[in-house]
Amino acid sequence: MVNHLEVPILETQNLTRYFDIGKKQVVHAVDGVSISVGEKEIMGLVGESGSGKSTLGKTILGLHNKTSGSVSFRGQALPQKYQSKDFQKWSKKMQMIFQDPYSSLNPRMTVGEIVGEGLRLHSESDAVKVKERVADWLSKVGLQADHMSRYPHEFSGGQRQRIGIARALILEPEFIVCDEPISALDVSVQAQVINLLGELKETMGLTMLFIAHDLSMVRYVSDRMAVMYLGSLMEVGKANEVYFDPKHPYTEVLIGSNPEPDPKVERNRPSTAIQGEIPSPVNVAPGCRFASRCPKVMEVCLQTTPELLPLKDIDRSVACHLYL
Amino acid sequence: MRGQKKSRIGSKLLEVRNLEVEFDTYGGIVKAVRGVDFSVDSGKTLAIVGESGCGKSVTVQSMMGLIPMPPGRITSGSALLRGQEVLGDTIIEGKEIRGAEIGMIFQDPMTSLNPTMTIGNQIAEPLQIHRGYSYRQAFNEAINLLDMSKIPEAAKRAKQYPFEFSGGMLQRAMIAMAISCKPSILVADEPTTALDVTIQAQILDLMRDLQSQTGMAIILITHDLGVVARMADEVAVMYAGKIIEHGTVEDVFYRSAHPYTLGLRAAMPTNDPANQHQLNPIEGSPPDLFSPPPGCGYCARCPWAMSICHKSHPEDYYLNSGHYSRCWLHHNDSKIKPNQLSFSEEVRG
């Protein structure tokens with residue numbers, strides 16, 4: 001079997017995060033997710049908006065409390081509810097890069113203060129040394145040391161995302177969650193940021209959970225890919241294999257709706273649009289979550305929820321009654 | 001290789017010539033659009049592609065009279081709709097073309113609808129203004145339009161407010177509103193950028209169905225080459241306020257002639273299983289339009305830039321009757337020919 005299953009750097013067991021919104025209404029944002037990410041692996045996480053991708057990422061890092069289930073980092077269980085000392089301890093190991101480079105940087109802080117804040121809070125109190133490290137990191141992410149005294153509004157979207165990356169990586173974490181790091185950027189700049197993350201992954205030995213909704217980009221970036229729908233994982237496997245040979249009907253639909261930059265392919269593509277939209281995650285009914293939109297729905301799908309189980313011949317887990 | 005510009009005045013539904021738009025800002029004058037020409041035929045889709053800040057939205061907004069003036073200014077150019085000027089003067093024979101002859105949908109359906117009006121009333125409004133319908137007639141027509149846009153339970157939905165709609169449904173409602181007066185052109189400014197791929201596929205299918213039913217032209221603004229491949233008949237690639245390559249979708253995708261178009265395509269993930277982990281980004285960022293470069297706007301990022309590229313603008317080099325590229329590499333004296341350009345071999349190694 002593959003090595004990553006033996007030594008996962010990060011593992012979740014039945015991780016659940018519900019939000020109580022009053023009147024006995026509960027949002028099932030993340031519902032029983034078990035996932036493991038191996039050492040130096042990039043795990044791609046895809047799904048429509050509202051499928052709980054970002055909530056999963058934030059719950060793993062302790063930015064949301066866990067409703068139930070557990071997360072462990074190198075075999076060590078992480079606290080159910082983070083106190084400030086837990087953040088102090090774990091944020092050196094695990095960090096996050098946020099989606100929107102415009103709202104995730106404090107407009108009143110200089111770039112030097114933003115990038116150096118983690119250092120000042122965690123390890124380094126000597127201002128000169130902080131400055132040196134910040135300058136070093138700014139050049140590592142393709143900015144210049146003299147950008148330190150500027151404010152975020154003076155930078156373009158791609159440059160801000162680089163600042164966000166420097167802020168996340170300056171403490172040299174082992175695991176980072178990238179929450180749609182490129183979706184706010186232009187195509188030509190997306191590739192710059194992706195390649196930067198790739199280089200840093202190589203030099204620092206990073207492990208990543210890469211959240212995105214751009215499937216072709218996730219295939220490019222990731223080693224393995226997990227497909228999420230309405231709070232649960234539908235399919236997990238090697239990125240290339242999942243993309244080119246999807247097993248779960250939802251993965252098929254998702255990949256089938258992704259337009260390719262090739263007019264001949266697109267001309268010949270039948271109208272694959274799936275009807276309907278992702279249902280509300282409030283008080284989810286029993287049965288498979290995708291049953292209401294699934295083109296291959298069966299009787300059993302409406303009654304029992306399929307578990308995420310490994311397939312026989314290939315390295316793939318699918319939650320679908322078709323494969324039980 | 002150097003062809004002549006074909007004269008096709010009068011034959012097109014919409015013909016935009018030498019459009020220039022600038023804005024006064026505290027930092028100086030931004031030359032957002034610097035001489036744009038294009039035309040659209042009925043029943044066809046023109047895609048305008050480019051990165052943020054290249055002037056693609058400003059181009060169509062100036063046609064629609066949506067540029068705030070001041071600070072904006074249309075300094076030159078014309079846009080002829082069936083031979084009649086629409087720039088600056090949106091009243092033709094007493095009826096406003098905006099909303100009636102040209103319908104528009106926007107990127108973010110959440111913020112482009114009025115949150116205090118029901119969806120039905122918002123769709124009915126242009127019918128009352130442009131077509132003189134009574135409120136009742138207009139509201140009933142709004143229900144029909146919602147139905148045409150494939151919104152289930154249209155009669156009930158027409159009485160609801162925008163917050164009760166999902167993003168995809170709001171974009172359908174926007175489309176219903178844009179086509180309410182049977183426009184001859186639908187301008188779609190990044191219509192699916194805020195939506196999921198599954199919903200994007202639905203909206204694109206809907207736009208194509210409506211186009212084949214009504215024969216309207218679509219001007220689609222997007223930065224997603226996948227959407228372009230799916231929808232467009234013709235493609236105009238914009239960079240730094242100019243169109244740098246224009247042609248049929250096959251010309252632009254399979255016979256890309258401008259280094260920027262090649263760069264964009266190389267920066268996109270392809271569907272080749274062997275190809276993973278390494279993308280070819282375009283280094284650098286677009287030029288500052290406060291003081292646009294005297295030469296080609298792309299030369300600072302172009303791996304093949306020559307000394308002339310920094311000095312003067314390349315003209316249009318026609319590769320076939322409808323396909324042109326603005327790049328000095330097409331000049332007879334250039335040593336490299338664009339058809340020899342390849343990212344995998346020559347430049348990125």
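Q: Given that two strands pair if DSSP finds at least two bridges between them, what order do the eight strands of the open sheet in chain A have?
A: The order is 6-7-8-3-9-10-12-11, and the pairing is mixed. This is a predicted model, in which local features need pLDDT of at least 70 and side-chain atom pairs count only at pLDDT 80 or more, while totals for chains, interfaces and linings use all residues. Residues are numbered from 1 along each chain as its sequence is written, with chains lettered from A and ligands numbered from 1 in the order in which they are written.

Q: And which are the edge strands?
A: Strand 6 (94-97) and strand 11 (309-310) of chain A, each of which pairs on one side only; strands (E, at least two residues) and helices (H or I, at least four) are DSSP runs, numbered from the N terminus.

Q: How many bridges join strand 3 to strand 8 there?
A: Strand 3 (residues 42-46) and strand 8 (residues 207-211) of chain A run parallel and are joined by four bridges, and Leu45(A) stands opposite Ile211(A) of strand 8.

Q: Switching to domains, how is chain A divided?
A: Domain 1 of chain A takes in 3-93 + 173-271 and domain 2 covers 105-172, with bounds from an automatic or database domain assignment. Taken over C-alpha atoms, the centres of the two domains of chain A are 26 Å apart.

Q: How many residues are in contact between them?
A: Twelve residues of domain 1 of chain A are in contact with twelve of domain 2, contact being C-beta atoms, placed from the backbone, within 7 Å.

Q: Which helix gives the most to the domain 1 side?
A: Helix 6 (residues 187-204) of chain A gives the most to the side of domain 1 that touches domain 2, with six residues. By class, that side of domain 1 of chain A has ten nonpolar, one polar and one charged residues, where Ala, Val, Leu, Ile, Met, Phe, Trp, Tyr, Cys and Pro are nonpolar, Asp, Glu, Lys and Arg charged, and the others, Gly among them, polar.

Q: Now the contact of the two chains: how many residues does it take from each?
A: Chain B contributes 36 residues and chain A 35 residues.

Q: Which helix of chain B gives the most?
A: Helix 7 of chain B does, with seven residues of the side that touches chain A. Helix 7 (197-214), helix 8 (225-231), helix 9 (249-254) and helix 10 (259-267) of chain B each supply at least two residues of that side, whose residues divide into 16 nonpolar, 14 polar and six charged.

Q: Within chain B, which residues of helix 3 meet helix 6?
A: In helix 3 of chain B, Ile119(B), Gln122(B), Ile123(B) and Pro126(B) meet Ala173(B), Ala176(B) and Met177(B) of helix 6, a contact with six nonpolar, one polar and no charged residues.

Technical notes:
Pairing = 2+ DSSP bridges.
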